[in-house]
Amino acid sequence: MNFNDDCRPVCGAADIVVEKIVYDRPSPVGPTGPTGPAGPTGATGATGATGVTGATGATGATGPTGATGPSGGSTGATGVTGATGVTGPTGVTGPTGVTGPTGATGPTGPTGVTGATGPTGPTGPTGPTGATGATGGTDPQALSAYSTPAAVASSGGALEFDVNNVVEGSAIAHTAGSDTVTISQPGTYFVQYNGTTYPANITSFPAVNTINFSLNGTTQSAGAAQTRFDSASQAEAISAAAVFNITSVPATLQVISGGGVFGYSDATLNVFKL
């Protein structure tokens, strides 16, 4: 925009007059006028972007635990047990149910035909006739002897029997107080011994006492018995029995103790001819 000498701009078709203000010196400032009324509030601007979340602060120290509160009141007294009620009456037994009918029995099958009897086999040859045995006695042959006082026997010694309780027949003989029974008839004999034994002069334990029968001075394995002892105060029952076939007479029979020096009481010897 151009201005002429009198400060009017040269604008072309239309003239615009601008008043020329000449500042020769500063004018004094007048007093501030009263504040004008507030203008209308402008429109709210757009909300700015959310700022970055700050770092989480350190966790504070845990406070002290509070004191435990007082316990509740004391337990009340147990009430009195009530009386047991009366037992009610037993109910009526219900009626028995009806028994169902018995099932029908199935028919029995016919009996099969009996098979034919097989032919009889030929009769085998007759075996040779055995030798005739000795005629047995008609009277019983038996001996029962016992010993009343306790007696001591060393190893290998024969036991004595001081009383003959029963003597039947003549095949078996024994003199009271001796240790030998004599058999004078051939045949089969049953021999039995019973008694109580204890260590009489034993210094080393355990100790084993043995009982054997002797025929004609020879110790027999049949009927042997033994008992173990672990102390001098021990007493044990012991028994032995055997069956002997006597073919040569007279024969002698004895009861032999073994294993050391032992005492015997309530000793009994029974001999029977079978």
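Here is a quick tour of this chain, from its overall build down to a few side chains. Keep in mind that the model is predicted. The chain has 14 strands and 0 helices, and its average pLDDT is 80.

**How confident is the prediction?**

- A pLDDT of at least 70 is reached by 70% of the residues.
- Watch out for residues 7-24, where pLDDT stays under 50. For that stretch, the model has 11 contacts beyond four places in sequence.

**The overall build**

- If you walk along the sequence, you meet strand after strand: β-β-β-β-β-β-β-β-β-β-β-β-β-β.
- How much of the chain counts as buried? Of its 274 residues, 20% do.
- Take the contacts with a separation of 6 or more: 69% of them are between residues 24 or more positions apart.
- The chain has an accessible surface of about 20400 Å², and carbon and sulfur atoms make up 55% of that.

**Aromatic pairs**

- Searching the whole structure turns up 4 aromatic pairs. One of them is Phe 161 with Tyr 193: the ring centres sit 6.4 Å apart and the planes meet at 70°, which is over the 60 degrees needed, so this pair is edge-to-face.
- Phe 229 has a relative accessible area of 0%, so it is buried. Phe 262 counts as buried because its relative accessibility is 0%.

**Thr 180 and its contacts**

- You'll find Thr 180 in the loop between β6 (172-174) and β7 (181-183).
- What does Thr 180 touch, leaving aside neighbours within four places in sequence? Its contacts are Ala 173, His 174, Thr 252, Leu 253 and Gln 254.
- Leu 253 is 73 residues away from Thr 180 in sequence, yet their C-alpha atoms are 5.8 Å apart in space.
- With a relative accessible area of 24%, Thr 180 lies between the cut-offs of 20% and 50%, so it is partly exposed.

**A salt bridge**

- How many salt bridges does a search of the whole structure find? The count is 1.
- The side chains of Arg 228 and Asp 230 form a salt bridge, with an N to O distance of 2.9 Å.
- Asp 230 is partly exposed because its relative accessibility is 44%, which is between 20% and 50%.

**A nonpolar patch on the surface**

- Val 243, Phe 272 and Leu 274 make up a nonpolar surface patch. Together they have about 300 Å² of accessible area.
- Where is Leu 274? Look in the segment after β14 (262-273).
- Why does Leu 274 count as exposed? Its relative accessible area is 66%, and the cut-off is over 50%.

Methods
Residues numbered from 1 in each chain as written. Heavy atoms only, no water. pLDDT = per-residue confidence, 0-100. Contact = heavy atoms within 4.5 Å. Patch = residues over 30% accessible without salt bridge, like charges linked within 9 Å, V, L, I, M, F, W, Y side chains within 5 Å. Areas by Shrake-Rupley, 256 points an atom, 1.4 Å probe, with all protein chains shown as cover. Salt bridge = Lys/Arg side-chain N within 4 Å of Asp/Glu carboxyl O. Helix = DSSP H or I, 4+ residues; strand = E, 2+ residues; numbered from the N terminus. Buried < 20%, exposed > 50% of the residue type's maximum accessible area, 1.4 Å probe, protein only. Phe/Tyr/Trp six-rings, centres within 6.5 Å; stacked < 30°, edge-to-face > 60°.
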